[in-house]
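Me: Got a model open here. Can you walk me through the strands, then the cavity?

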Amino acid sequence: MVTSIKWSISDYHRMIESNILTDKRCELIAGEILSMTPELPQHYNTAKRGAAYLTQLLQGHGEVRFNGPITLADSEPEPDIAIVKLPNSEYDHRHPNAKDIFWLIEVANSSLSKDLSLKKAVYAQAQIPEYWVINLQTKTLLVFRAPVGDDYSQEIVWTESVIFPLAFPQIEIEISRFFSDLIQS
């Protein structure tokens, strides 16, 4: 029988402060320190383009964080994009926690399995109301809403050209703005 050691948020922070995790791309997920999947240019540019677009759209409504950590009960993942409550000065001495988060976005190619299983369960357990996965393989947006336990009761393959996030139903987000090959020059 194999038993793994579960790490707490404070253990993880002490490791970071002690430089034990220096130069290691990792995140704490459900008490386990997992290596992060290396990003290909398409993944990075999709997330960066999406964060810039959302920053413009959500100005004055929410803070858009790009590749930054969030702190949950037993996890400190680094979603590609996190839309959190203002003011951003709240996060000068701590990372956003579940109560601060409007919704999260992961861009997935090689990380698709992890994003649709492990991360989705962690986000649902934390009661993150909305979670999007941008699937680069199929150029689709997967939308998860209404967390129940360790899953979401609503799972939608979004086929419309625009989406209105739960937190800001008055704001229209164009899905094509995330995908470079769909953007009109």
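Reply: Start with E7 and strand E8 (residues 151-158): they pair antiparallel over 7 bridges. Pairing requires at least two DSSP bridges between two strands. Strands are DSSP E runs of at least two residues, helices are H or I runs of at least four, and both are numbered from the N terminus. The model is predicted, so to speak plainly: local features need pLDDT of at least 70, side-chain atom pairs count only at pLDDT 80 or more, and totals for chains, interfaces and linings use all residues. Residues are numbered from 1 along each chain as its sequence is written, and side-chain values use heavy atoms, without hydrogens or water.

Me: Which residue in E8 does Leu142 stand opposite?
Reply: Val157.

Me: And what's in the turn between E7 and E8?
Reply: The hairpin has 2 residues between the strands, and Gly149 there has a positive phi of about 65 degrees.

Me: How many bridges join E6 to E7?
Reply: 6, with strand E6 (residues 130-135) antiparallel to E7 (residues 140-148). Trp132 has Val143 in E7 as its bridge partner. In that hairpin, Lys139 takes a positive phi near 55 degrees.

Me: Which residues lie nearest its centre?
Reply: Thr37, Glu39, His43, Val107 and Ser111, out of 18 lining residues.

Methods. On a 1 Å grid over the protein atoms alone, a cavity is a set of points where a 1.4 Å probe fits but cannot get out, and a pocket is an open set with protein on both sides within 12 Å along at least five of seven lines; lining residues have an atom within 4 Å of a point.
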